[in-house]
Amino acid sequence: MRVVACLLVLSALSCPALGEETQGAAGDTIFRAHCAECHNGGVMRAPDVSALRQLSPASIKAALTGGSMSNQGQRLSAAEIDAVSRFLGNNSAPVASAAVACTNAIPLSADALAEPHWNGWGVDAAQHRFQPATMAQLAAADVPNLKLKWAFGFDGVIHAYAQPTIVAGRLFVGSASSKIYSLDAKTGCVIWMFVTKAPVRTAISIALDARGWSAFFGDQRANAYALDALTGKLLWITHVDDHPAAVITGAPTLVDRVLYVPITSYEEVTGADPHYPCCTFRGSIVALDTATGQVLWKSYSIAEAPKPMRTNHLGVQLFGPSGAGIWSSPAVDPAGGMLYATTGDSYSDPPAANSDAFVAFRLGNGKLAWSHQMTAGDAFNIACIGATPGVLSNCPDANGPDFDFGSSPILVQLADGKRALVAGQKSGVVYAVDPDRQGAIIWQRRLGEGGKQGGVQWGAAADAHNVYVALSDVRTRPVPDSTPGAQKSSRGPKFLLNPTVGGGLFALALETGEVVWHTPHPGCGDAPGCSPAQSAAVTAIPGVVFSGGLDGHLRAYDAASGRIIWDVDTKGSYQTVNETTAFGGSLDGPGPVVVDGMLYVTSGYAHLGGAPGNVLLAFSVSGK
């Protein structure tokens, strides 16, 4: 889940701090001095210069002056910001046209949620990511006939990492360009647009209350929002965490007029700077009143506040415990009065007891009910990569494997009447635990080797019998400097994604974890820089499972056998309904959404060799 970038525009991410340069310094000098270590260095999930050059100078400048890189931009003069923006930016980068407004209003009736819809991240509060037939309106026999109906481009960005929501024929989606769009789900025309304070990765939840229909979401500066779903008017905004590195990546879960917001951070990245007093962030869940945005309660994944520990080799004071961010949407059980979440690793010593864990909070007051840790002693930050032995850097002594949970826990009913929470970890292991016995393990199944970018990343889907899990296990390999597409690395030779390692989709029996079927990735062929890794969230409808990969392909699998029945390559350029040039790339993060006979997916994820992109694609049977 690491998102690392010095100039990653409109993502709430960071690298070693930008220092002072002399006034008027050349943009390339500024870049080499302060950003090349990441973007020419093969740092995890940092887009390289070729990806950044697909952005306009204005987009880069906006990120440095008021967007995701504004903290670094504050340390540069106006002339220096202009210089580096001109150096990196592409003056021919496309921008969106305003001539795409819908001509007819789409009503939202009082019973809109009884009609076909996909609301929030997992389509239900239990996070199943399974769309019933009445809502999908897409038969398994029709899936091989899906064709592109329309495409929509997100201007000025190289990521399309927000999952759309569809309610009553309206599509709601966030973007890396700090804009929320409401579109006509059938045509892609724009109903309204709202500008947020920061990029938005979360899915959006729609609900009806006394004032009408509202849309709820979070951004990459830890702000939660409520908008009027009909007009896009701001109803309220609440800043839910004061830590400067705090972000909302997992979609808030909406139940009974309470919005449950998961908080994580990128301090694991900023903590690599030896001048930075690492680390003080703690993951949390914040419960908000949907009517007012008022905080009802806030509960931390680590109860103990960070305190001074040792100093590093520069004499900078370090703190702990820290970390255990909550990267994904929590599962909520209103009848049982519980909320379930999974946590990431610790950032500093001492490793926390609730990191890399399933955790349960009481809905009424947010009290931690229980926690079950799956990987003990996992304290890690980016300073650990290439750390010099014997030097007291910001890398914790534990130097753990970085085995976060990025997947939402799925709350399922078993045949014997018992319940289970199921989630996969970056370790490559999928767990089922008993929520009614303090998270006791029911079964566990290893699917891959795991790793810092490996294992199970963004989540599975479950029907009544199986849980469907995609495997990442992405790897890189060194290549000669002359290799097409090779990325630079400050820690060794140039590299490409390894085309022979990772990927595959598994069906596991909910009761036992036994492998029902396994379909390997079909292979990358001769495509340069291709990886078979499948790290995007999985989606299922009756008879079909959908899984996307870093190779840009979205594939549909027969749910009974695992046979691939449809395969579309989303890479390439598109003519869009909003008249801007858009292109597809890697599929990572969100999964596809299926509603009312159509499938929607975002394409573009420029991290660690992944292909950039900025497009939302809508497919229908025969493109009609």
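Me: Which strands form the open sheet, and in what order?

Reply: Strands pair if DSSP finds at least two bridges between them, and the strands themselves are DSSP runs (E, at least two residues; helices are H or I, at least four), numbered from the N terminus. Here four strands make an open sheet in the order S22-S23-S24-S25, with antiparallel pairing. The edge strands, S22 (410–413) and S25 (440–446), each pair on one side only. This is a predicted model, in which local features need pLDDT of at least 70 and side-chain atom pairs count only at pLDDT 80 or more, while totals for chains, interfaces and linings use all residues. Residues are numbered from 1 along each chain as its sequence is written, and side-chain values use heavy atoms, with hydrogens and water left out.

Me: How many bridges join S22 and S23?

Reply: S22 pairs with S23 (residues 419–424) in the antiparallel sense over four bridges. Leu411 has Leu421 in S23 as its bridge partner.

Me: How is an aromatic pair described?

Reply: The description of two aromatic rings uses the distance of the centres and the angle of the planes. Rings of Phe, Tyr and Trp (its six-membered ring) pair if their centres lie within 6.5 Å; planes under 30 degrees apart are stacked, over 60 edge-to-face, and the rest tilted. The search of the whole structure finds 16 aromatic pairs. One of them, Phe154 with Tyr181, is tilted, at 6.0 Å centre to centre and 50° between the planes. Phe154 lies in the loop between S2 (146–153) and S3 (165–167), and Tyr181 in S5 (residues 179–184), 27 residues apart. Ring pairs also link Phe152, Phe154 and Tyr181 into a cluster.

Me: Are Phe154 and Tyr181 buried or exposed?

Reply: Buried means under 20% relative accessible area, exposed over 50%, and partly exposed in between (1.4 Å probe, protein chains only). Both Phe154 and Tyr181 are buried.

Me: What is the geometry of the pair Trp566 and Phe619?

Reply: Trp566 and Phe619 are edge-to-face, with 5.6 Å centre to centre and 85° between the planes. Trp566 is in S35 (residues 564–569) and Phe619 in S40 (residues 615–621), 53 residues apart. Trp566 and Phe619 are both buried.

Me: Where does the charged end of Arg201 sit?

Reply: A charge sits over a ring if NZ of Lys or CZ of Arg is within 6 Å of the ring centre and within 35 degrees of the ring normal. The charged end of Arg201 is over the ring of Tyr161, 4.7 Å from its centre. Arg282 lies over the face of Tyr300, at 3.8 Å from the ring centre.

Me: How many salt bridges does the search find?

Reply: Side chains of opposite charge can pair when their charged atoms come close. A salt bridge is a side-chain nitrogen of Lys or Arg within 4 Å of a carboxyl oxygen of Asp or Glu. The whole structure has 16 of them by this search. In one, Lys179 meets Asp155, with the closest N and O atoms 3.1 Å apart. Lys179 lies in S5 and Asp155 in the loop between S2 and S3, so the pair ties together parts 24 residues apart in sequence. Lys179 and Asp155 are both buried.

Me: Which side chain meets Arg419 in a salt bridge?

Reply: Asp333 does, at 2.7 Å, N to O. Arg419 is in S23 and Asp333 in S18 (residues 331–333), 86 residues apart. Arg419 counts as buried because its relative accessibility is 16%, and Asp333 is buried at 9%. Salt bridges that share partners join Asp333, Arg419 and Asp436 into one network.
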